[in-house]
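Subject: A structure for you to look at

Hi there,

Here is the structure I promised to pass on. Have a look at it first, and then read my notes below.

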Amino acid sequence: MQTESSSDSLRKSIQNNLYKIMLISIAASVVIFSINQQGFFFGIH
């Protein structure tokens with residue numbers, strides 16, 4: 001019982017960390033895109 005609950009909490013913490021990393025990377029790309037207004041991501045001029 002204890003090992004199951006610890007593995008569940010470990011899985012949840014890993015999912016939370018991945019979710020935070022995804023949000024941070026999306027926010028960083030948005031900031032970079034807004035700083036570089038030439039729009040080099042999509043080739044927009």
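Let me start with a term: a salt bridge is a side-chain nitrogen of Lys or Arg within 4 Å of a carboxyl oxygen of Asp or Glu. By this rule, the count is one salt bridge. Please keep in mind that this is a predicted model, where local features need pLDDT of at least 70, side-chain atom pairs count only at pLDDT 80 or more, and totals for chains, interfaces and linings use all residues. Residues are numbered from 1 along each chain as its sequence is written, and side-chain values use heavy atoms, with hydrogens and water left out.

The overall picture

Of the 45 residues in the chain, 2% are buried (buried means under 20% relative accessible area, exposed over 50%, and partly exposed in between, with a 1.4 Å probe and protein chains only).

The salt bridge

Which residues pair up? Aspartate 8 and arginine 11 form a salt bridge, with their closest N and O atoms 2.9 Å apart. The two are three residues apart in helix H1 (residues 2–35), so about one helical turn separates them. Aspartate 8 is partly exposed at 37% relative accessible area, and arginine 11 is partly exposed at 47%.

Serine 9

Serine 9 also has its place in helix H1 and is partly exposed, at 42% relative accessibility. A polar atom of its side chain lies 2.8 Å from the backbone oxygen of serine 6.

Isoleucine 14

Where does isoleucine 14 lie? Isoleucine 14 is in helix H1, and it is partly exposed, with a relative accessible area of 44%.

Enjoy exploring, and write back with any questions!

Best wishes

Notes: Helices (H or I, at least four residues) and strands (E, at least two) are DSSP runs, numbered from the N terminus. A polar contact is a pair of N or O atoms within 3.5 Å; within protein, one must be able to donate a hydrogen and the other to accept it, and residues adjacent in sequence count only if both atoms are side-chain atoms.
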